Amino acid sequence: MRRYILLTTAAILWGSILSALAQGHTEEFTVATLNIDGLPTHVIGIPVNIDGPGEKYTPEIADYLLQKDYDLVGLQENFNYYDLLFTKLATSYHHDQCLGKISLESFAFPFPYDGISLIWHHGIQGEHTQSVCWDESYGIFSHAADALTDKGFRRYDLTLKGGSEIVVYNGHWDASYDKDEESGRDGPDREARIAQWRQIRDSIMARLDKRPVIVLGDMNSYYPRDDIKSQFVDYIESTGKARVFDAWVELERNGEYPAKVDGPVTHDENGWGHHGEVYDKILFINPTDGGQLTALSYSLDKTGYMRSDDPDKPFGDHFPVAVKFRIVPTGDSGSGIESITVSPYQNREGWYDLQGRRFAKKPTTPGIYLHHGQKILIR
């Protein structure tokens, strides 16, 4: 009985210490990415995107986002119905400028609109600081017609409600048709996509400072199909200036990236995604001498993103991906506590993060950890 009381008391103390350490000067916030399928449903009376949300369901997408209350959301394909979306969202969110709507009346080739925008909560300070078109794209009237619009990425400099500063890149990469993938004719799509990964990588690194970076969007990429790991993740880490993480890989796959494979990599038996991986991603980059982000949760909402009059049908052809983050700002260890001693755990083997998760060996991910009763910052 006495042993039980001691262990219970120690567990309570442990939880209290983890909670105290986690608070410090950190703050938590939520980020989502969503392709809202905002292409016009008709052009001069001709059906173009008849299954898209259009005028009827775009206001419902706004209601959905208001209900979810994400701190910031990266939007893609926000073309023809952004006025309906932003009118409702204005009660809670700021947004940057959309460039224009796709129509034959305003035809210019390619359409000079990227369809990219960001919304962020009132109380967050932000500005859109850069818009970049892809240097390489493929397909005008075939291969997903990516070259018909000015796809690319936008950069945002944001200050969160608690004062932490982050940088966000929101982009839309080239797509592939399944039929091209299955027939082996998607080579040009893959080449364009990986060139886009290199382009955004180089842009990020050219302006990298002490602020952590979030990269999100409709990336139209699978790790087994596109060499993201070596061309983006490994390349950045090889510079020694930053570490790169994919929230889905960290939280759903215990940090293990899917292996690159040869041959077609299309939708799996679930009809959307490849063995749990989806096109829409949220990655984050922690400068080695700057602020540090930790992904706390990951979600893909395939049940709630549904039409009110047809609950089996989603609003568009993508589902929202959301991640909850904790940030330790630049120059902040995250807590005023320098060391701790917790008996009987002070000699317990293993490393622990501030959420109480145990590691069998010393972690390589930058952050604050507990080891033999000491708080240790790994950079």
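## Basis of the model

Residues are numbered from 1 along each chain as its sequence is written, and side-chain values use heavy atoms, with hydrogens and water left out. As the model is predicted, local features need pLDDT of at least 70 and side-chain atom pairs count only at pLDDT 80 or more, whereas totals for chains, interfaces and linings use all residues.

## Overall make-up

The protein contains seven helices and 20 strands. These elements are DSSP runs numbered from the N terminus: helices are H or I with at least four residues, and strands are E with at least two.

Of its 379 residues, 53% count as buried (buried means under 20% relative accessible area, exposed over 50%, and partly exposed in between, with a 1.4 Å probe and protein chains only). The accessible surface comes to about 17,000 Å², and carbon and sulfur atoms hold 51% of that surface; such areas come from the Shrake-Rupley method with a 1.4 Å probe, and for residues only the protein chains shown count as cover. Among contacts with a separation of 6 or more, 73% join residues 24 or more positions apart, where a contact means heavy atoms within 4.5 Å.

## Aromatic pairs

The whole structure holds 16 aromatic pairs. Rings of Phe, Tyr and Trp (its six-membered ring) pair if their centres lie within 6.5 Å; planes under 30 degrees apart count as stacked, over 60 as edge-to-face and the rest as tilted. The ring centres of Trp-134 and Phe-153 are 5.5 Å apart with planes at 55°, so this pair is tilted. Trp-134 lies in the loop between β7 (125–133) and β8 (152–159), and Phe-153 lies in strand β8, so the pair ties together parts 19 residues apart in sequence. Trp-134 is buried at 8% relative accessible area, and Phe-153 is buried at 1%.

Trp-173 and Trp-197 form another tilted pair, with 4.9 Å centre to centre and 40° between the planes. Trp-173 is in the loop between β9 (165–172) and α4 (178–183), while Trp-197 is in helix α5 (residues 187–206), so the pair links distant parts of the chain, 24 residues apart. Trp-173 is buried at 0% relative accessibility, and Trp-197 is buried at 0%.

## Cluster and charges over rings

One aromatic cluster is formed by Trp-134, Phe-153, Tyr-169, Trp-173, Trp-197 and Phe-232.

Charged side chains also sit over rings (NZ of Lys or CZ of Arg within 6 Å of the ring centre and within 35 degrees of the ring normal). The charged end of Lys-101 is placed over the ring of Tyr-82, 5.6 Å from its centre. Arg-201 lies over the face of Tyr-235, at 3.6 Å from the ring centre.
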